[in-house]
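Reader: I am new to this structure. Please take one part of it and go through that part closely.

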Amino acid sequence: MASIHRTTMTPTKLELITGWLPKQSWYVGAAGTPDLVKAGGFRLDDPDGAVGIEFMVVVDAADAPEPVAYLVPLGYRGAALEGVPGEALIGTSEHGVLGTRWVYDGAHDPVVLAQLNALLRGEATPQHQSLSDTLDPTVTVQGAAPGPDDAYDVRISRVLRATEAEQGAAVRLVGGWSRPDGTAARGVFAAVSPR
């Protein structure tokens with residue numbers, strides 16, 4: 001299980017995401033600059049221990065009266081990732097223990113995607129977002145896991161809705177987050193559909 005370092009990142013993950021998020025085609029915010037707060041998420045382990053994997057939920061409080069929740073999968077790397085589009089890089093940050101980290105949109109990071117698929121097949125377990133060596137039982141896979149030979153597509157839910165239903169999905173990855181008013185919400189983080 002992954003160890004969480006209690007240290008600084010400069011710029012912070014939220015600062016990096018704040019500059020990157022409005023440039024994404026799926027961003028629905030009305031404000032020019034989002035006012036993001038970390039609202040939930042989980043981690044996965046890289047079996048090789050080289051890539052940090054986090055699925056972070058951020059809520060844009062600038063979109064009052066109905067703040068919007070986004071799921072941002074992140075891959076933290078010690079070197080630049082080759083062969084991905086330029087927009088995959090969210091930015092670089094100085095980690096107080098590990099040095100320079102290249103922070104990627106996990107939807108373009110092959111290690112992040114491999115571990116997401118492993119989770120959906122029941123071959124990986126979600127980890128707590130901010131506690132070392134701790135499972136997160138609130139993140140669940142609903143539905144029959146696809147087999148190793150099944151052809152399927154995985155869709156990451158970028159804009160989250162507070163519902164555990166997903167039309168046409170054989171398998172759903174469901175997790176929770178907190179709204180700015182402190183109430184809890186749960187929704188589909190990713191969905192699997194047969195090809």
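Val58 in strand S3 (52–60) has Tyr70 of S4 as its bridge partner. The model is predicted, with residues numbered from 1 along each chain as its sequence is written, and local features need pLDDT of at least 70. Side-chain atom pairs count only at pLDDT 80 or more, while totals for chains, interfaces and linings use all residues; side-chain values use heavy atoms, without hydrogens and water.

Strands here are DSSP E runs of at least two residues, and helices are H or I runs of at least four, numbered from the N terminus. S3 and S4 run antiparallel and are joined by nine bridges; strands pair if DSSP finds at least two bridges between them. S2 also pairs with S3 in the antiparallel sense, over eight bridges, and Leu44 has Ile53 in S3 as its bridge partner.

Eight of the nine residues of S3 are buried (under 20% relative accessible area, with exposed over 50% and partly exposed in between, using a 1.4 Å probe and protein chains only).

Tyr70 and Tyr27 are both buried. Their rings form a stacked aromatic pair, 5.7 Å centre to centre with 25° between the planes. Rings of Phe, Tyr and Trp (its six-membered ring) pair if their centres lie within 6.5 Å; planes under 30 degrees apart count as stacked, over 60 as edge-to-face and the rest as tilted. Tyr27 lies in the loop between helix H1 (13–20) and S2, 43 residues apart from Tyr70 in strand S4.
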